[in-house]
Amino acid sequence: MDVTPKPGVPCRGMTDTWLKKHTLIYTGATRHPFILAIRDGTVDISAFKRWLSQDYIFVRAFVPFVASLVVKAWKKSDDSHGDVEVILSGLASLNDEIDWFKKQASKWGVDLSVVAPQKPTQDYCRFLENLTSPEVDYTVGMMAYWAIETVYQDSFAHCLGEGSKTPPELEEVCQRWGNGGFGNYCSALQSIADWCLLKATDDEVSKAEVTFLRVLEYEVEFWNMSRGIPGY
Ligand SMILES: Cc1ncc(CNC=O)c(N)n1
């Protein structure tokens, strides 16, 4: 079999295949009514504040998950792709992000010390905690990391795109994840995830695909909660 890359023909990894195969649910997570409301300037400010306080809880739980990936990257024998440095720089950004959330909270008059996690936040945080276990493959974890970051990058970049009417006071929020630098970071995570998937067993690949779908479902639930759909 000829495996040499053809000029002009992009080399598609497993993650791109899944984005195509599951495009409906991916679009549901990245073009959610909450995001569309930010983009068209009709977002309810109480919904935005709810998102802000719940996401602060999420991000705190995200830190140990990403830290577990540093451990797994360090333990595996092949680090020719510099995975440890890539993940570590993500942890450093999360350190800034936690400060950023605190500043945003005081700007919007949200008291983070009294915020209780709602059910979708609890469920999503528990899912992250399960992924932190040493029993979960590095491949599955990296793929989840890429998917979680990419949903935010794609969603918030959409709020900054051509023709958006995002309120000026929310632009900084959209920039946090929608900026091109973060887009490049997501591409780096995607390359690592694709490389892992290329070498993974069939069992790991199918576990990773299920995990990919679960991430998208949790993201949709998180937006639903933020939007204040009755029942939350
Ligand atoms: C629910 C959710 N998903 C993804 C992200 C983006 N990662 C870190 O900030 C986030 N903040 N919150």
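These entries record what I looked up about the ligand site and the pockets of this predicted model.

**Entry 1: the ligand shell.** I listed the residues around the ligand and found Asp-55, Phe-58, Val-59, Phe-62, Glu-97, Tyr-124, Ile-148, Glu-149, Tyr-152, Trp-177, Glu-219 and Phe-222. By class, I noted eight nonpolar and four charged residues in this shell, and no polar ones.

**Entry 2: polar atoms at the ligand.** A polar side-chain atom of Glu-97 lies 2.3 Å from an oxygen atom of the ligand. For Glu-149, I found a polar side-chain atom 2.6 Å from a ligand nitrogen atom. In the side chain of Glu-219, an N or O atom is 2.7 Å from a nitrogen atom of the ligand. I then checked the cover: the ligand has 320 Å² of accessible area on its own, and the protein covers 100% of it.

**Entry 3: the largest pocket.** I found that the ligand takes up the space of the largest pocket. Helices H4 (45-75), H7 (138-160) and H10 (202-227) each give two or more residues to the ligand shell, and H4 gives the largest share, four residues.

Entry 4: H6 (119-131) and H10 each give two or more residues to it, and the largest share, five residues, comes from H10. I counted six nonpolar, two polar and four charged residues in this lining.

Definitions and conventions:
Residues numbered from 1 in each chain as written. Predicted model: local features only at pLDDT ≥ 70, side-chain atom pairs only at ≥ 80, totals over all residues. Heavy atoms only, no water. Near = heavy atom within 4 Å. Polar contact = N/O pair within 3.5 Å; in protein donor to acceptor, adjacent residues only side chain to side chain. Areas by Shrake-Rupley, 256 points an atom, 1.4 Å probe, with all protein chains shown as cover. 1 Å grid on protein atoms, 1.4 Å probe; cavity = no way out; pocket = protein on both sides within 12 Å on 5 of 7 lines; lining within 4 Å. Sits in = over half its atoms within 2 Å of the grid points. Nonpolar A, V, L, I, M, F, W, Y, C, P; charged D, E, K, R; others polar.
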